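Trainee: Could we go through this model together, beginning with the terms and then moving to the helices?

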Amino acid sequence: MKITNKFNLPLPLVNAVSADIRKPEPMRISCTELIDSPQIRILKMRRWDEIEQDVSELLWALLGRAVHSILEQSAHENCLVEETLTAVMDGWTVTGRPDLLDANGILHDWKVTSVYSFLLSEKQTWNNQVNVYANLYQRHGFEVKEAYINAILRDWHKSRVGGDYPERPFYEKKVELLDNVLVTDYIRGRLNLHWQAEHHGELDDCTPEERWARCDTWAVMKKGKKRADRVFNTEKDCNRYLENALLGGQTYTIQHRPGENIRCEKYCVVKQFCNQYVEIKKG
């Protein structure tokens, strides 16, 4: 992968964001890769030397690493912090690096994320990741009794608090820990999907979740306001709301907001090599 620097950012930034970038390896997979799209992983493997990514696109990841580093230094002595765990399963080497397991068997996973992710409610991928971490810990003889996701909302603004918008730039969510046998079955199922992608020419499409797909919505807009009064998943529901609402003489319009595949459009580094993305662009 070639790291570009289109905006001439300082060399220390270039070096810092480049430090953790690595090419996926056959039959070796990290927890993050395991729960993610097999298609993206394989396209990275096949096209690694052709992929370009700019330093400016990696700054949020650098911020996340910095936060993790500070928290690591602040942990108690009896905690396991950023331990690299490995397990061999079905011929694969599965790796994970959980953030922190404290002396009481409580697993903490830290995220530096956007308010948008918070408003989308819980991410199933985060729950899957934490359960895989718990499975790896237990394979190494450490019991995980509870697990939490601790998220710092990097783009939170106090002036926007109200309604669904979070009242603080942090939230904590308890993760349901699943039976270890179920998690092992999940891991093996994911490994099989990645094995199929590695050993067969045809790649399965990314799922809507993997594309971060957002469906079409219809917004009720009050004249003179930039924010929607209400947002609905169908135009029919939008019209029904306007028919039954007490509008108080206000003028409202309906704004159609086309759906989009957010990851494909804005964040996927292999989209130029992806046949699925070509078809999406054709409409």
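Mentor: Contact here means heavy atoms within 4.5 Å, and helices (H or I, at least four residues) and strands (E, at least two) are DSSP runs numbered from the N terminus. This is a predicted model, in which local features need pLDDT of at least 70, side-chain atom pairs count only at pLDDT 80 or more, and totals for chains, interfaces and linings use all residues. Residues are numbered from 1 along each chain as its sequence is written, and side-chain values use heavy atoms, with hydrogens and water left out.

Trainee: OK, how many residues of helix H3 are buried?

Mentor: Helix H3, residues 38-47, has 7 of its 10 residues buried, where buried means under 20% relative accessible area, exposed over 50% and partly exposed in between (1.4 Å probe, protein chains only). Those buried are Pro-38, Gln-39, Ile-40, Arg-41, Ile-42, Leu-43 and Met-45.

Trainee: And what covers the buried residues of H3?

Mentor: The cover includes strand S2 (28-30), helix H2 (31-34), strand S6 (92-96), H7, helix H9 (262-267) and helix H10 (275-282).

Trainee: Which residues does Leu-13 touch?

Mentor: Not counting residues up to four places away in sequence, Leu-13 touches Val-55, Leu-59 and Leu-62.

Trainee: How far is Leu-13 from Arg-188 in space?

Mentor: Leu-13 and Arg-188 are 38 Å apart, C-alpha to C-alpha, and 175 residues apart in sequence.
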